[in-house]
Amino acid sequence: MSHIVLLGITGRAGSRIATELLQRGHTVTGIARHVSQVPAQKGLTLVAADATNADTLAPLLKGHDAVVSATRFADGITAPTLLAAAREAGVKRVLVVGGAGSLEVAPGVALIDTPEFPQAYKAEAGAGRDFLNVLRGETAIDWTFLSPAALFEPGERTGRFRLGGDRFMADAQGHSRISMEDYAIALVDEIEAPKHSRQRFAVAY
């Protein structure tokens, strides 16, 4: 059993990651600006706080085994802030809910740089790529960045999916998707049995 801090517990991905962690017997400290709507659950402690401030965040991370960031990139915590808070708190592991935009569709060509990539998602995807690039320069903290498939929405918890590396993944019909429930399985699996130390990996059907 691990003690996990989850940033962005009120979000769609964050809430499902919390469910998966709690179902597997981990204890969770959920942090978000507003936590009043999150139902009380055994093993869950809720803290209303602004995680974008390292001085505020660091004391909340102390005593935990890992921190999971499930916040948006464009207006959420930055990589330098998250890493600084983890270092100050003595937390050794940082896991980040990534995006698909930085995955490669060809060597050296990211999905975000293709003509078909929707303009509406470019700011968030670009901020996610910047976040990953900062992590790749980090040598002290044991970080992991998990990119979902292009279509990343609530759905079924099937337990059946594929893991990959930096390459964009699609199925035989050309669809790239993963449910948030199955994504949560892949992320918690990585917490319990680390296989991607200081790496980005991906999950898709």
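**Entry 1: Glu138**

I began with the side chain of Glu138, where a polar atom lies 3.0 Å from the backbone nitrogen of Ala140. I note at once that I am reading a predicted model. Looking up where Glu138 sits, I found it in the loop between α4 (122-135) and β8 (142-147).

Next I looked for partners of Glu138 elsewhere in the chain. Its side chain makes a polar contact of 2.9 Å with the side chain of Arg87. When I left aside the neighbours within four places in sequence, I found Glu138 in contact with Leu83, Arg87, Trp143 and Arg198.

I turned to another glutamate, Glu20, which belongs to helix α1 (residues 12-23). Glu20 has 3% relative accessibility and therefore counts as buried. Its side chain is joined to that of Arg24 by a polar contact of 2.9 Å. Beyond the neighbours within four places in sequence, I listed Arg157, Ala184, Ile185 and Val188 as residues in contact with Glu20.

On the α1 side, the contact is made by Arg12, Ala13, Arg16, Ile17, Glu20 and Leu21, while the residues contributed by α5 include Met180, Tyr183, Ala184, Leu187 and Ile191. I also recorded that the crossing of α1 and α5 is right-handed.

**Entry 2: Helix α2**

Which residues of α2 are buried? In this helix, which covers residues 54-61, I found Leu57, Ala58 and Leu61 to be buried. I wanted to know why they belong on the same side of α2, and the reason is that they cover an arc of only 105° around the axis. I then checked what covers these buried residues, and the elements include the strands β1 (3-7), β2 (27-32) and β4 (66-69), together with helix α3 (79-89).

Finally I looked at what lies at either end of α2. The N-terminal end is capped by Asn53, which has a side-chain oxygen 2.9 Å from the backbone nitrogen of Asp55. After α2 comes Gly63, and I noted that the phi of Gly63 is positive, near 85°.

Terms used:
Residues numbered from 1 in each chain as written. Predicted model: local features only at pLDDT ≥ 70, side-chain atom pairs only at ≥ 80, totals over all residues. Heavy atoms only, no water. Buried < 20%, exposed > 50% of the residue type's maximum accessible area, 1.4 Å probe, protein only. Helix = DSSP H or I, 4+ residues; strand = E, 2+ residues; numbered from the N terminus. Arc of directions from axis to C-beta. Contact = heavy atoms within 4.5 Å. Polar contact = N/O pair within 3.5 Å; in protein donor to acceptor, adjacent residues only side chain to side chain. Left-handed = near helix turned anticlockwise from the far one by under 90°.
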